[in-house]
Amino acid sequence: MAEKKKVLIIGGGVIGCAAAYYLARKGISATVIDKGAIGHGCSYGNAGWLVPAHSMPLPAPGALRQAAKWMLRRGSPLYIQPRPSIDMASWLVRFLCNANETRYRSGARPLVGLAKRSLELIDSFVAGLSN
């Protein structure tokens, strides 16, 4: 007799829970775990929304000024725990070197495509709930 498939999903946000839902519909047992309460991580902060307008890369033109404001403020999109680190300094230099119009547009294209496809899948997901 074939053993029933079991899947462990790490992350109980909108994506993890949707994955568990679709697996369950296919008869696959899925367990969702999260370091906190299910739905209270990133998906809580954005109410489970996937928004194409919010899919732009962080290293945008002018990011240096905004990054300086964000870097030391907990809860910001670019909070960095202050600590002496060559690796962190190297990462920050690379981040700032990529904060230009060319790299921004190059990174934005695939992110917008992913976000649009996500909205299509959400529409399909919601339509499937009524069946």
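Predicted model: local features only at pLDDT ≥ 70, side-chain atom pairs only at ≥ 80, totals over all residues.
**The loop around serine 76**

Serine 76 sits in the loop that runs between H3 and H4. Show its side chain and look for two backbone oxygens. A polar atom of that side chain lies 2.8 Å from the backbone oxygen of tryptophan 70. The side chain of serine 76 also reaches the backbone oxygen of arginine 73, here at 3.0 Å.

**Helix H3**

Next select residues 63-70, which make up helix H3. Turn the view until you look down the axis of H3: the buried residues fall within an arc of 65 degrees, so they line one face of the helix. An α-helix has 3.6 residues a turn, so residues three or four places apart point the same way.

Now colour Leu64, Arg65, Ala68 and Lys69. These are exposed residues on the face of H3 turned away from its buried side.

**Helix H4**

**The cysteines**

Finally, select cysteine 97 and cysteine 17. Cysteine 97 has 55% relative accessibility and counts as exposed, whereas cysteine 17, at 32%, counts as partly exposed. How many disulfides are there? With a cut-off of 2.5 Å between cysteine sulfur atoms, the count is zero.

Definitions and conventions: Residues numbered from 1 in each chain as written. Heavy atoms only, no water. Buried < 20%, exposed > 50% of the residue type's maximum accessible area, 1.4 Å probe, protein only. Helix = DSSP H or I, 4+ residues; strand = E, 2+ residues; numbered from the N terminus. Arc of directions from axis to C-beta. Polar contact = N/O pair within 3.5 Å; in protein donor to acceptor, adjacent residues only side chain to side chain.
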